[in-house]
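Subject: A structure for you to look at

Hi there,

I am passing on the structure I mentioned, together with some notes on what I found in it. Please open it beside this email and follow along.

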Amino acid sequence: MTSNPFITMQEIKKSFNGVPVLKGVTLQVEQGEIHALLGENGAGKSTLMNILGGVHQPDSGAIYINGEEVKMLNPRVSQEHGISFIHQELNMVSDLRVYENMFLGSELRNKFGFLKVEEMCRQTHEILSKLGVDIDPKEYVRNLATSYKQLIEISKALLHKSRLIIMDEPTTSLAEHEVNRLFGLMKNLKNSGVSIIYISHKLKEIKEVCDGYTVLRDGELVRTGSMEHEDIETITKTMVGKAISQERFLHEHPFGPVVLDVNGLTSNAFKDINFAVRKGEIVGFTGLAGDGRTELFESLFGYRKKYTGEVKINGQVVKIDHPRKALKAGMGLVPRDRKENAIIKDLSVLHNMSLSSMGNFEKGGFIQDKEERTKFQFYKEALNIKVHNPRIAIDKLSGGNQQKVIIAKWLEAETELLIFDNPTQGIDVGAKQEIYQQIVELAKLGKAVIILSSEAPEVMRICHNINVMFHGEITARFTADEANEEEIMNYATGSKREVAQIG
Amino acid sequence: MANVDVKEYQRETHTTKSRLSWLWSEYSVIIAFIILFIGSSILNPRFLDMNNQLNILMQVSIIGIIAMGMTVVMLSGGIDLSVGSVLALAGVISVLALNASGSILVGVFTALLVGSFAGFLNGLMVAKGRIASFIATLGMMAGARSIALYIANGGSVSGEVSGFTMIANSDLWIFDVPVLIFFAMTALVFVLMHKTRFGRYVYALGSNEKAALLSAIRVDRMKIGVYTLIGTLVGVAAVIETSRLNSISSSSSGSQYELDAIAAVIIGGTRMTGGRGKIIGTLFGVLILGILNNMMNLTNVSPHLQGFVKGLIIIIAVVFQKRE
């Protein structure tokens, strides 16, 4: 690297709740450079970028712009230093017009305090046409395609005279020709001296547009350099890392008959899904964000109703259009995003545990508190739930313990099939291990288990069979022995796909 | 692992520190009630008179019954603005049924039926039609009042069956029957909310509807049940209201009852967005409103100013509860 970078983040350290997320990371970006920031989920990319964007404060370390130290106290300060952060989820007000979004918070006004609409439209038009986009500035944003919204976000960054733009997976919602347009634009920006930090999982794209790269793994910088001299293979290897001592859970036991059989399931989020799960089997589904796996299983569970295809449970065709029916048919779901979908924060730990199986605790229509307590004591020991008083509200517990309570809830419902969507989301390493152990135990007891996870190593560690999804389709299937992370990555990013479907 | 233990420990000490504020947040309405009660007895000796005390209970019984239902609706995350109008409608129709049949039993059942049916319709609109409860019940409020006015031709209807007035105007031991009905309904709703799965589901639904649905709870049916319940309780209130004067006015009966009921629930500490609140809280909320009204009459506060005082109390109650 040259000695005169535009922006330097020096030895940044950051911990959340005592868990170190960044362990002294250094990042340098030149003026007019497109710099790729790579790493798996949880490697610390977004934390690093949030520090640069002023959302988080580093525990130690410094940020330099053109050699001068700056403190990013809040997002506003960061913006004043010419840094724009384009998030994966677009921050647009869809009921406002294009120009109104562009100037949101920094509207142009005349001396009487009225808005200078024509001036704002003129500037919007100017910037948009520079990008080769032809949109009426007075169009409502809700009427635009996602790719245009993405471009408007970028225009907004330009409008604020940004010198560094952070793009977090900007291409996930774009079609191929739109991606090309975005890349053209990025090259133009680069030529005019704007630097870009580009976060993406799609290595092919990165190879195409980026000049330099930095790879993070578990909060540490593992490799940085120039893109020219690298090939995709080596970078993938660095990202995944060889030395992770995450050995597989060995579990050899015979499978029973097929519990769940899915044929030709199709909706607007996924198409033609076929798979089967046997008793005692752990089946994994992995892929990148937006691959449709969550929608697929929410449909199977009856939370989403608009889908076609055939679902058989124990050989019987079932029509599930409500989670209650899924439960009756013998299906349980531990959903993702615990806070929004799983825990009921005003109810106690005890009441969260019994919520899906009230029938087990009733006598003559009345709830028996004592039985609830006895049962909870059982799960508390079985799952090692750390809580002194089960009557406290569930949101007082740590993430791992909350998740264990939710698992206890579904164990109590005694379903044959259990679906875990991102079961270790936001959970520390120790609790993770315990949850894996539990899942394996369940399979040994003869339950059919499905694991959804965006982390390939996770499914590789505990699953017997792994399905990889891309854009709503199952693109590959591996047994646990065949699977390796690079191959999974290739199918998950769509750079490879199996022509003939198995089974 | 040692790390985890440390965290747990810190959490423990934290709770002991905040125990006092916890006591306040859990029982603030009861504390407020005691303060108000003592203050009133000092301010006016007639307040403590047994007849006056029983009179307060009698006056709050109708609003109290409705407030119990309102608590359940608000715990589920909704609101019911139609209670006053539905009370008038149920009253008018039940008097007609009473006069036509000559049977008190038919009159009572008609009131319950009309009330629960109106509630059922509200529930249907909210659960299946996915209309915001505020809007759905606002529509019902206008509609039910209009039908009551149409049926009664804008005036009042009076009962012609002797004995009907006995319901609200007789007493058992020292209590008036409406007071006993109010207590019975409170006990019923209390058991329903704290001892049955219905109650558990209502709390869950009000706290996090999506998680409740993903926990395999029939959220739609619960909502319909909640609105049907308040409708039925409004039917009970309608019987008392009608029986008290042996007549009901299609234009003025029940007007603004929804505001008093909501006020009682809010003073009782139930959260507007649902999921948190207590039946006992509402009971004391109702009593606080009753004492306030009573005291303002005893101390000759102008009736035109009474609304101001009530409004002030509601706002103060909410401000205190906000500090969590």
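Let's start in chain B, with B:Val189, which belongs to helix α8 (residues 177-195) of that chain. Keep in mind that this is a predicted model. Is B:Val189 buried or exposed? To call a residue buried, we ask for 20 or more other C-beta atoms within 10 Å of its own. B:Val189 has 23 other C-beta atoms within 10 Å, so it is buried.

Which residues does B:Val189 touch, once neighbours within four places in sequence are left aside? The contacts are B:Met68, B:Val72 and B:Ile279.

How confident is the prediction? Chain B has an average pLDDT of 89, and 91% of its residues score at least 70. Residues 1-15 of chain B, however, have a pLDDT below 50, and this stretch makes 5 contacts in the model beyond near neighbours in sequence. The scores for the model are ipTM 0.85 and pTM 0.78.

Next, look at where the two chains meet. There, 27 residues of chain A are in contact with 23 residues of chain B. On the chain A side, α10 (323-329), α11 (338-341) and β18 (366-367) each supply at least two residues. The largest share, 4 residues, comes from α10(A). Sorted by class, the side of chain A that touches chain B has 14 nonpolar, 7 polar and 6 charged residues.

Chain A itself is assigned three pieces: domain 1 (7-240), domain 2 (253-330 + 416-503) and domain 3 (342-414). Between domain 1 and domain 3 of chain A, the C-alpha centres lie 43 Å apart.

Now for a sheet in chain A. In what order do its 4 strands stand? The order is β2-β1-β4-β5, in an open sheet with antiparallel pairing. At the edges are β2 (19-29) and β5 (68-70) of chain A, each with a single partner strand, so one side of each has no neighbour in the sheet. From one strand to the next, the twist averages 30°. Strand β1 (residues 7-16) of chain A pairs with β2(A) over 8 bridges, in the antiparallel sense.

My last stop is strand β21 (residues 465-470) of chain A. Why is β21(A) described as largely enclosed by the rest of the structure? The reason is that 6 of its 6 residues are buried. In a regular strand, side chains alternate between the two faces of the sheet. In β21(A), both faces are covered: A:Asn465, A:Asn467 and A:Met469 are buried on one side, and A:Ile466, A:Val468 and A:Phe470 are buried on the other.

Strand β13 (residues 282-287) of chain A runs parallel to β21(A) and is joined to it by 5 bridges; here A:Phe285 has A:Asn467 as its bridge partner. Strand β22 (residues 473-479) of chain A runs antiparallel to β21(A), with 6 bridges joining the two, and A:Met469 stands opposite A:Ile474 in β22(A). The hairpin of β21(A) and β22(A) has 2 residues between the strands, and A:His471 takes a positive phi near 50° there.

Definitions and conventions. Residues are numbered from 1 along each chain as its sequence is written. Chains are lettered from A and ligands numbered from 1 in the order in which they are written. This is a predicted model: local features need pLDDT of at least 70, side-chain atom pairs count only at pLDDT 80 or more; totals for chains, interfaces and linings use all residues. Two strands pair if DSSP finds at least two bridges between them. Axes are lines fitted to C-alpha atoms, for helices over the stretch in contact, and angles run from 0 to 180 degrees between N-to-C directions. Two residues are in contact if their C-beta atoms, placed from the backbone, lie within 7 Å. Ala, Val, Leu, Ile, Met, Phe, Trp, Tyr, Cys and Pro count as nonpolar, Asp, Glu, Lys and Arg as charged, and the others, Gly among them, as polar. Domain bounds come from an automatic or database domain assignment. pLDDT is the predictor's confidence in each residue, from 0 to 100. A residue is buried if 20 or more other C-beta atoms lie within 10 Å of its own, exposed if 12 or fewer, and partly exposed in between; C-beta atoms are placed from the backbone.
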